[in-house]
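Me: I'd like to walk through this structure with you, one question at a time. Could you start with any term we will need along the way?

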Amino acid sequence: MVSKVMHAVQYSSHGGGAAALQHVEVPIPEPKADEILVKVEAASLNPMDVNIQKGIVPFFPRKFPAIPGTDVTGEVVRCGSSTSKFKPGDKVIAYLSHSNGGALAEYVVANEKLTVIRPPEVSAADGAGIPLAALTAHQALTQSANINLDGSGDLKNILITAASGGVGHYAVQLAKLGNTHVTATCGTRNLDLVKSLGADEVIDYTTPDGAALTSPSGKRYDYVIHCATGFPWAKFDPNLSTYGKVIDLTPGLSSMVTFLVKKITFSKKQLVPLLVTPKAENLAYLVNLAKEGKLKTVIDSKHSLSEAADAWGKMMGGHATGKIIVQP
C-alpha cells in the first residue's frame with residue numbers, strides 16, 4: 001500500500017438523496033488496536049443507509065461528512081496491535097457500525113469482533129450482501145420466532161412479506177431450513193424467483209388476496225416476518241393463529257403503539273419490533289451456509305464506486321430484487 005489517500009463517497013448533511021453524494025479523496029483510515037484495515041472488494045447497500053441520510057434515524061451518523069455503508073468484503077491490509085484472528089492477505093466479510101459506516105470507499109477499518117473469514121466458495125459480491133440483511137432475517141427467525149434451523153420442532157406457518165427484497169430473500173431460505181410452511185409475498189415479476197428460493201406459497205401483493213395477506217391454502221400464520229412497510233395491524237389480525245406474532249423489521253411509531261397496546265391488554269396476538277444485535281458467530285454461521293450452497297445471495301445490480309449515486313437512487317426506489325452491490 002503506497003498511497004496514503006483513497007477514493008470515497010460521502011455526504012455532508014442530512015437529506016439530498018443521491019444528488020448529495022460527493023466523490024472525494026480522503027486519508028486512508030488507521031486501524032485502532034482492535035481493528036483491521038481492509039481493502040474493499042465489494043459493499044452492499046441497505047435501506048438503513050438511506051434512512052440515516054434522510055435523518056430519520058436518531059443520532060446517526062455520528063459525524064459529518066459521513067461515508068455510508070456497513071456491509072463489506074475485502075482483503076486485510078493491516079491489523080491493529082491487539083488483534084489476533086486475522087493476518088494481511090486474509091479475505092474477510094465485515095459488518096461495520098451504523099454510527100461510523102465507511103463501506104463506500106476503497107479502504108475501511110473494521111472491528112475484529114464483527115469480521116469473519118470469507119471462504120473461496122463465496123464471491124466478494126455475494127458475501128457483501130450477507131451481513132445486515134441475513135443477520136436480520138436470522139435473528140427474526142431464531143430469536144423472535146424461535147425457529148430451529150435444523151428442522152426440529154413443531155411445524156410453524158410463517159408469512160414473509162417483501163420476500164424478494166434484501167432481508168426477505170434470505171428469510172425465505174433460512175425459514176425453510178426449519179420445520180416451517182412458508183407463505184411469501186412479492187410483486188408479480190418476482191413470483192418465480194421467490195418460489196425458487198423455497199417458499200411453499202407465493203402471493204402477489206398487487207392482487208386482492210395478496211393485499212389482504214391471505215394464504216392460498218387458508219393457513220393462519222404463527223409468525224409473520226414483516227419486511228415491508230405500510231401494513232396496519234388490521235391486515236394481519238384476521239390471518240394470525242391464536243397466538244400469532246408479527247415481527248416488524250421496520251418498526252415506526254404506529255408499530256410501537258400497537259406493540260404497547262398488545263402488551264398492556266395481554267393480547268394473545270402480539271406485534272414485536274425487531275432491533276438487530278449483530279454477532280460474529282451468527283455471521284460466521286450464515287457465511288458457512290453460503291459456502292455449503294444453502295444460502296444464496298440474489299443480486300439486483302452491481303455498480304462501480306464511481307456509479308454510487310445510481311446504486312443509491314435504486315435503493316431509495318425501494319423495489320430492488322435482492323441486494324444492490326457497489327464495487328470499487
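Reply: Happy to! A residue is called buried when its relative accessible area is under 20%, exposed when it is over 50%, and partly exposed in between. Keep in mind as we go that this is a predicted model.

Me: Is Lys 269 buried or exposed?

Reply: Lys 269 sits in the loop between α8 (253-264) and β13. Its relative accessibility is 19%. The cut-off for buried is under 20%, so Lys 269 counts as buried.

Me: Which side chain makes a polar contact with that of Lys 269?

Reply: Let's look at what surrounds this lysine. Leaving out residues up to four places away in sequence, Lys 269 touches Trp 233, Asp 237, Leu 240, Ser 241, Thr 242, Gly 244 and Lys 262. A polar contact of 2.8 Å links the side chain of Lys 269 to that of Asp 237.

Me: Which strands stand at the edges of the open sheet?

Reply: Six strands make up this sheet, with parallel pairing, in the order β10-β9-β8-β11-β12-β13. An edge strand has a single partner, so one of its sides is left without a neighbour in the sheet. That describes β10 (201-204) and β13 (270-273).

Me: What is the bridge partner of Val 246 in β13?

Reply: Strand β12 covers residues 240-248 and pairs with β13 in the parallel sense, over four bridges. For Val 246, the partner in β13 is Leu 271.

Me: Which strands does helix α4 touch?

Reply: Helix α4 spans residues 166-175 and packs on the sheet. Its direction makes about 165° with that of β8.

Me: How many disulfides does the structure hold?

Reply: A disulfide needs two cysteine sulfur atoms within 2.5 Å. Take Cys 227: the nearest cysteine sulfur, that of Cys 186, is 12 Å away, and Cys 227 is in no disulfide. For the structure, the count of disulfides is zero.

Me: Is Cys 79 buried, exposed or partly exposed?

Reply: Cys 227 is a handy contrast, since at 15% relative accessibility it counts as buried. Cys 79 has a relative accessibility of 23%. With buried set at under 20% and exposed at over 50%, Cys 79 therefore counts as partly exposed.

Definitions and conventions. Residues are numbered from 1 along each chain as its sequence is written. This is a predicted model: local features need pLDDT of at least 70, side-chain atom pairs count only at pLDDT 80 or more; totals for chains, interfaces and linings use all residues. Side-chain values use heavy atoms; hydrogens and water are left out. Buried means under 20% relative accessible area, exposed over 50%, partly exposed in between (1.4 Å probe, protein chains only). Two strands pair if DSSP finds at least two bridges between them. Helices (H or I, at least four residues) and strands (E, at least two) are DSSP runs, numbered from the N terminus. Contact means heavy atoms within 4.5 Å. Axes are lines fitted to C-alpha atoms, for helices over the stretch in contact, and angles run from 0 to 180 degrees between N-to-C directions. A polar contact is a pair of N or O atoms within 3.5 Å; within protein, one must be able to donate a hydrogen and the other to accept it, and residues adjacent in sequence count only if both atoms are side-chain atoms.
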